[in-house]
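Please look over the sequence and the model before reading on. The paragraphs below then go through some of its parts in turn.

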Amino acid sequence: MEKDSKNTIRTRFAPSPTGELHIGSARAALFPYLFAKKNRGEFLVRIEDTDQKRLVKDSELRMLDLIKWLGMSWDAKPIYQSARTSLYKEYARQLVEDGKAYFCFCSEERLEELRKKQEASGVPTGYDRKCRNLNPAEVLEKIKNGEPHVIRLKVPESGKISFTDLIRGKIEFDFHNINDELLLKSDGFPTYHLAAIVDDHEQGITHIFRGEEWLSSVPKHLLLFQYFGWEPPQYAHMSVIVGKDKKKLSKREGSVSVDAFKSDGYLPEAIVNFIALLGWNPGDEREFFNLKELEREFDLAKVNKSPAMFDIEKLNHFNAHYIRKMGEKELLEKTKLFSKVDFSKYDKSFLQKETKVIKERMVLLKDFDELSHYFFSDIDVDKEMVKFGKSEWQDTEIGLEKTIESLAEMDDKKWESVDDLNHFLSEVVTVNGLKNGDVFWPVRVALSGEKFSPSPAELIWVFGKEESLKRLKNALNKIK
């Protein structure tokens, strides 16, 4: 897929299937996705599976499923680098023939010994270029004898190379500090450096988004583009993501796995919204954006190069927001995966009412059962909890008695409005010369058995007349 005359913008997500999809990896997919969509370009996927020792079975399938779950789609079938090894070998040998790369026969033992000596001497570690100037006849003889070998990039020994990062501005590197990078391993598989450059060219990638830890690789990559005579893409190196301790968020922390968040009951809308603001901001006070809005709003000029703070409370804030916005029917469907309640046993109207009041208090989908258990099972009211702190037992008893009497006689239409029920409870207080704590508190505890729950009026609205009166009478009998 060569770059075409229309200069179509093409970005890519290129995960290595060596583990799970983490927040940083998800951002590495989201930003190029948004940039492509904003500019009517194409977003591609490439599986960089050349590191055979670290592969995790089906890891890439789980990653791609999660990217889809987050709402992103790609514009062409994903390619697998492991199926393209013969192509990379051809390009590596082309570099050798052009004098831009060379065969290296140094054993792993020699390289390890070299590294130890360099560390002991306090000098930067790296290959000492022992095989860089081997006689061609000697190279040929070694290959004929079947000696294990690799191919290394021939980096200039002096001079500089620079580029303009779309986030960080102009950056310059001195060739003197750059190692002769490994391009083709002894097992015939390419390293990331060779395979990525070949594929970025062949897929027509115009813009590359990746973490700032890849900055040191840029000079090697630019050199490869230069050696091949190809136009390099533009680079945008995103900031590191840090925790509250200001330390880099570890990819090995299960707590930042997107799959773990999904399993805990986070919504894709919340995760996307949260990730988008890890380094990007709209330039105003807005904080809630769905994916379509982000596709319109995303602006590379507003991506910050400072470290992005991972704040779980912020993610919870977003998740609670999107739960509250969701319709009761849809929310019930989503909570089925997390709940032990058999919804088929309950009336749909009851379930929707219950969900309407519970969702205002939910942060995660898995919170449903904990917050609503008293709606689906009988409760054993704690007698001591029924009385509000400064209330008298006599007034608490009167409050429950008058509430029961009035509810039993109340017009059926008023049962359909939380506001009417709230007004009704206030009237019980006023008419009987009581205090709010003599009525609202004991009614709440009688219905839910909890100190913290939806309001008494909401509880009555959900339970309805028969169940509300039954629970209130049970509590009254208990304190008598």
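What follows is a walk through several helices, loops and a pocket of this predicted model.

Begin with strand S2, which covers residues 42-47 and includes glutamate 42. Is glutamate 42 buried, partly exposed or exposed? With a relative accessible area of 26%, glutamate 42 is partly exposed, because the buried class is kept for values under 20% and the exposed class for values over 50%. The side chain of glutamate 42 has a polar contact, at 2.7 Å, with the side chain of arginine 10. Glutamate 42 and valine 363 stand 321 residues apart along the chain, and their C-alpha atoms are 35 Å apart.

The loop between helix H1 (23-38) and S2 holds arginine 40. Arginine 40 has a relative accessibility of 80%, so it counts as exposed. Its backbone is also worth a look: phi of arginine 40 is near 55°, which is a positive value in a residue other than glycine.

Helix H4 leads on to a pocket. The second largest pocket has a volume of about 700 Å³. It is lined by 26 residues, and those closest to its centre are Glu108, Leu111, Val150, Leu182 and Ser186. Which elements give two or more residues to this lining? They are helix H4 (108-121) and strand S5 (150-153). H4 gives the most, with six residues. By kind, the lining of the second largest pocket divides into eight nonpolar, nine polar and nine charged residues.

Helix H12 runs over residues 328-335, and Glu328, Leu331, Leu332 and Thr335 are its buried residues. Why do these residues line one face of the helix? Viewed down the axis of H12, the buried residues fall within an arc of 100°, so they line one face. The general rule behind such a pattern is that an α-helix has 3.6 residues a turn, so residues three or four places apart point the same way. The buried residues of H12 pack against helix H11 (312-325), helix H13 (348-358) and helix H14 (368-372).

In H13, the buried residues are Phe350, Leu351, Lys353, Glu354, Thr355, Val357 and Ile358. They pack against H12, H14 and H19. The N-terminal end of H13 is capped by aspartate 347, which has a side-chain oxygen 2.9 Å from the backbone nitrogen of serine 349.

Serine 453 has its place in the loop between helix H18 (436-448) and H19. Its relative accessibility is 11%, so serine 453 counts as buried. Leaving out residues up to four places away in sequence, serine 453 touches Arg361, Tyr374, Arg444, Ser448 and Leu459. With serine 448 there is also a polar contact of 3.4 Å, side chain to side chain.

Within H19 itself, which spans residues 456-479, leucine 469 can be picked out. Leucine 469 is buried, because its relative accessible area is 11% and the limit for buried is under 20%. Apart from its neighbours within four places in sequence, leucine 469 is in contact with Ile404, Leu407 and Ala408. The C-alpha atoms of leucine 469 and glutamate 405 are separated by 9.2 Å, while the two residues are 64 apart along the chain.

Notes:
Residues are numbered from 1 along each chain as its sequence is written. This is a predicted model: local features need pLDDT of at least 70, side-chain atom pairs count only at pLDDT 80 or more; totals for chains, interfaces and linings use all residues. Side-chain values use heavy atoms; hydrogens and water are left out. Buried means under 20% relative accessible area, exposed over 50%, partly exposed in between (1.4 Å probe, protein chains only). Helices (H or I, at least four residues) and strands (E, at least two) are DSSP runs, numbered from the N terminus. The arc is that of the directions from the helix axis to the C-beta atoms. Contact means heavy atoms within 4.5 Å. A polar contact is a pair of N or O atoms within 3.5 Å; within protein, one must be able to donate a hydrogen and the other to accept it, and residues adjacent in sequence count only if both atoms are side-chain atoms. On a 1 Å grid over the protein atoms alone, a cavity is a set of points where a 1.4 Å probe fits but cannot get out, and a pocket is an open set with protein on both sides within 12 Å along at least five of seven lines; lining residues have an atom within 4 Å of a point. Grid points are joined across faces, edges and corners, and a volume is the space filled by probe spheres set on the points. Ala, Val, Leu, Ile, Met, Phe, Trp, Tyr, Cys and Pro count as nonpolar, Asp, Glu, Lys and Arg as charged, and the others, Gly among them, as polar.
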